[in-house]
Amino acid sequence: MMGPSHALSGATVWLAGSLALDHFADYEQSPLALAVGTAVCAGGALFPDLDLSGKVTRNQGGATVARTFGVFSLFVAEVTEKVSLGVYYATKLKRDPRRTNGHRTLTHTIPFTVLVGWGTTALCAAYGKWAVIGILFFMFGLALRGLFDDWAERAGWLVVTLASLAAAWFTFATLPGDRGYPMIGLAVGVGCFVHILGDMITRAGVPILWPIPIKRRMWRMISLPDSIALRAGGKTEVVFVRTALTIVSVLSAIGLVAPHLLDRFNIDV
């Protein structure tokens, strides 16, 4: 799937999941917490593609996530891609094919998803709001780059960076202190997992079962059959999938926000 679809899927899953928790488990979130979780999950749904690097010195190429913060994020993507490729060759079995890049390897696995989610939670618990502001800055940037791709492309990485910093600082100043914020780590982990599922319904697939060896292969790509699998960037994804995700996210947001508005203005339905 393309970057905008990944980000939209992350936001949709978080909104729909929050609505389900509110309805069935009576777990209510403040509007700010809901907005932060949605943005972080949207950013997390782009994070695994940090293994697709471009031309660092020219500030070109790479995945959507790699271009978010210009040369800096392209450099991080370059390092991530090389580390992923190194892990691939360190763990590959005899029937695993040779590769020239690390895209859709380490960062597209369940262990990576769990590690990122747990690591984010651990950072928030250990360093409090100062860790939160750094994580939010990064995730807000990814969310902006994915959800508003055309605008971000025109505005450029510097504007996206400044907008992400402003949003992160506002959230930092508004959130109460002395908390671990485990929901931020959960949002990042859920976003990464949603990304993996999104890529799994395309023809290329993902190594979601790694590190379980299957028929003398460690990195077997799991995907839908070609007859029904999506083509990344194709009409089905861009028109139908994004439209469906948008409808679900809007309806979920309305279901979450409407009760607060009705209660605030003392409106009985």
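# Briefing: aromatic pairs, backbone geometry and cysteines

The structure holds nine aromatic pairs, a pair being two rings of Phe, Tyr or Trp (its six-membered ring) whose centres lie within 6.5 Å. This is a predicted model, in which local features need pLDDT of at least 70 and side-chain atom pairs count only at pLDDT 80 or more, whereas totals for chains, interfaces and linings use all residues. Residues are numbered from 1 along each chain as its sequence is written, and side-chain values use heavy atoms, with hydrogens and water left out.

**Aromatic pairs**

- A pair of aromatic rings is described by the distance of the centres and the angle of the planes. Planes under 30 degrees apart count as stacked, over 60 as edge-to-face and the rest as tilted.
- Among the nine aromatic pairs, Phe 47 and Phe 112 are stacked, at 5.9 Å centre to centre and with 15 degrees between the planes. This pair links distant parts of the chain, 65 residues apart: Phe 47 is in the loop between α2 (31-44) and β1 (54-55), and Phe 112 is in helix α4. Helices (H or I, at least four residues) and strands (E, at least two) are DSSP runs, numbered from the N terminus.
- Both Phe 47 and Phe 112 are buried; buried means under 20% relative accessible area, exposed over 50%, and partly exposed in between (1.4 Å probe, protein chains only).
- Phe 47 also pairs with Phe 138: the ring centres are 6.0 Å apart and the planes stand at 85 degrees, so the pair is edge-to-face. Here too distant parts of the chain are linked, as Phe 138 belongs to helix α5 (residues 129-147) and is 91 residues from Phe 47. Phe 138 is buried, as is Phe 47.
- One aromatic cluster is formed by Phe 47, Phe 69, Phe 112, Phe 137 and Phe 138.

**Charges over rings**

- A charge sits over a ring if NZ of Lys or CZ of Arg is within 6 Å of the ring centre and within 35 degrees of the ring normal.
- Arg 99 lies over the face of Tyr 88, 5.5 Å from the ring centre.
- Lys 129 lies over the face of Phe 172, with 4.8 Å to the ring centre.

**Backbone geometry**

- Most residues other than glycine have a negative phi, and most peptide bonds are trans.
- Trp 210 and Pro 211 are joined by a cis peptide bond, with omega about 10 degrees. Pro 211 is located in the loop between α8 (182-200) and α9 (235-264).
- Arg 216 lies in the loop between α8 and α9 and has a positive phi, near 65 degrees, although it is a residue other than glycine. Its relative accessibility is 49%, so Arg 216 counts as partly exposed.
- Arg 104, which is not a glycine, has a positive phi of about 60 degrees. Its place is in the loop between α3 (71-91) and α4 (110-127). Arg 104 counts as buried because its relative accessibility is 12%.

**Helix α7**

- Ala 167 is found in helix α7 (residues 157-174) and is partly exposed, with a relative accessible area of 31%.
- The C-alpha atoms of Ala 167 and Leu 136 are separated by 8.2 Å, and the two residues are 31 residues apart along the chain.

**Cysteines**

- A search of the whole structure finds zero disulfides, a disulfide being a pair of cysteine sulfur atoms within 2.5 Å.
- For Cys 41, the closest cysteine sulfur is that of Cys 192, at 8.9 Å, which is too far for a bond. Cys 41 is buried, with a relative accessible area of 0%.
- For Cys 124, the closest cysteine sulfur is also in Cys 192, at 14 Å, too far for a bond. Cys 124 is buried, with a relative accessible area of 0%.
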